[in-house]
Amino acid sequence: MGTNTWKFSELKVPRPSLDMIEELYKDAIERVENATNGDDVLEVVFETNLLVCRIREMFEIFSLRYAMDTTNERYEQDHAWAGENQMVFDKLETDFKSAVYDSPYKDELEEQIGHMYFVKTEIKRKTICAEIVPLRQHEEELVAEYDNILFESKKTVDGKECSIIELQDLFSHEDRAIRKEAFKAFSEILSENEEGLEKVWDELIKVRTEIANVLGYDSYVPVGYLERERLDYGREEVAKFREQVAKEIVPFCTKLYEAQAKRLGLDEVMVYDEGIIFPEGNAKPVGNPEEMMAQVIKMLREMSPETDEFISYVLDHELIDYKPRPEKALREFYTFLPYHKAPFMFEHFNGKAEDVQYLSESLGHAFAAYRASRKQPLDEYYYPSSDIGEINAMTMIQFVNKYADRLFGDETWKYEFGNLQYFMTFIPFGVAVDEFQHICYDNPDLTPKERTNEWHKLEEKYMPWRKYDDDDEFMRRGGYWYHKFHFFYAPLYYIEYVLATVNAMEMYRKYIEHPGIAWKEYLELIDVGESKGYLEILKQANLTPAYEEGAVRKSIGYVKAFLEEHIKEVFDDEEEEEEA
């Protein structure tokens, strides 16, 4: 099959022989150790990179096909096999890269392939060893148990049986009675499964602490920072960033919700009202999924020559799945097929504003990887560290605001306002998630109820506007956090979203005021992949590290002013009504 004619649906991916893969890695390591010059090592590095790309692509395709049809038994088996063996491949890859790292020709190699290859290898050497493989496999089992507990639970709302994800979709329903009923059902799913969720989280904390101990650390926090490749900043900078959020953003978000209450005609916004911004309902995309996709294509063709090329590639190779189907997994995500240098976007177009947000986020990730994979020499550099990667995604979400009229017509301003309010109010929640994880991993002996109480205290600190019904004892004592799957799937992940949101607001102002310059800087941001470090990339893209003193106030200034203008309109209208 020609390289320019392949389709995702036609890719054939048999499971490989584990023994054969191990022999290939063993041979590659021997060739590196016996090499007599740097060029010979470099040749093995590039050959092995192709092997790595094939293996990683296999894992991604197994995961994708299962997500596309969760009723297919073969896909489910392949997906489970990949999960069971991921750590085995990670260990083989780390052993190979360690051999390259220890090569006497390391300095020569670094000149050819860059220093980040060796930085990333050093991280792997610190976080992966044979002794933790069974612990990581147990961790996977616990995450699967969390899935089984949470995502198989159903509740009936408005005559329809709903999963926990479908219940969350109803939190922005125009009918307040349905929102309230949906949140009550959501709370019941969590509270009815509290004992099982407590057990899984408690065991995850313990197994991850054991992993850290085996690796030579007192707690999982430094391991998590290494796994997230946070090398240019640490927990002190993150703590200072959280302080800025508490000072600069939390009070403003309180005003946003006060204005929202008046807009909705309520005395106060309850938790199930937070997602509905306008009394007649939030903005909705125009048209059915096919019509919406046609507008997305038109938008990307108009945005830039680079995005035009990108969307043509996606369409030619069937790299987006956007139509709702009963058998599809109820989530949205982006992934990458490294052997084909191909991004894949997995979406659900259900006629809601969130469809555009989720798609825009995937576009940011996918477009960045598409660009970097064509400019960087190794798979190692195709995708950036998570903190830079989230800037890529969050910035694209804001850029799409400029083209929202293609998707929302007369409701464009409602989408832009709702989108910007969502991200402003997300920031306090995001730092609460981050601080909660630090508390849990720093104090692994806390009881489950003590952990839940810590979340309750963080809600009071970062989300003082949040109100639960008096009879919802579970939520009032802090049970809300159990639905956030990041805690279970990706330890210490989340602050990336928040730092990136602040940088995206900084970039959005530039895009409004100087679109040509902003787009050039965005390409500078995404093209490097992870061939440079976090601070190097921020500097190259002319962005401010969000944790620096005063950075939050500076970066959110434009978005805050935009939102304040509409807050003022709400209160001015109320004063006019009172005078009349």
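The secondary structure of the protein chain comprises 25 helices and five strands (DSSP runs numbered from the N terminus; helices are H or I of at least four residues, strands E of at least two). The model is predicted, so local features need pLDDT of at least 70 and side-chain atom pairs count only at pLDDT 80 or more, while totals for chains, interfaces and linings use all residues. Residues are numbered from 1 along each chain as its sequence is written, and side-chain values use heavy atoms, with hydrogens and water left out.

The C-alpha trace spans about 90 × 55 × 50 Å along its principal axes. A compact globule of 580 residues would have a radius of gyration near 25 Å; the chain has 24 Å, which agrees. This radius is taken over C-alpha atoms, and the globule rule is 2.2 Å times the number of residues to the power 0.38. Of the 580 residues, 57% count as buried (under 20% relative accessible area; exposed is over 50%, partly exposed in between; 1.4 Å probe, protein chains only).

Three strands form an open sheet of mixed pairing, in the order β3-β5-β4. Two strands pair if DSSP finds at least two bridges between them. β3 (320-321) and β4 (333-337) stand at the edges with a single partner strand each, so one side of each lacks a neighbour in the sheet. Helix α2 (residues 38-68) packs on the sheet and touches β3, β4 and β5; contact means heavy atoms within 4.5 Å. β4 pairs with β5 (residues 342-346) in the antiparallel sense over five bridges. Y334 has M345 of β5 as its bridge partner.

The largest nonpolar core has 197 residues. Such a core is a set of buried Ala, Val, Leu, Ile, Met, Phe, Trp, Tyr and Cys residues joined through side-chain atoms within 4.5 Å. Helix α18 gives the largest share of this core, 15 residues. F96, F241, M424 and W455 have the most contacts inside the core.

W455 is one of the buried residues of α19. The buried residues of α19 pack against helices including α9 (194-214), α11 (235-248) and α18 (412-442).

P289 lies in helix α13 (residues 289-303). At 21% relative accessibility, P289 counts as partly exposed. Leaving aside neighbours within four places in sequence, P289 contacts Y322, P324 and F349. The C-alpha atoms of P289 and P324 are separated by 8.6 Å, though the two residues are 35 apart along the chain.

Key. Axes fitted to C-alpha atoms, helices over the stretch in contact; angles between N-to-C directions.
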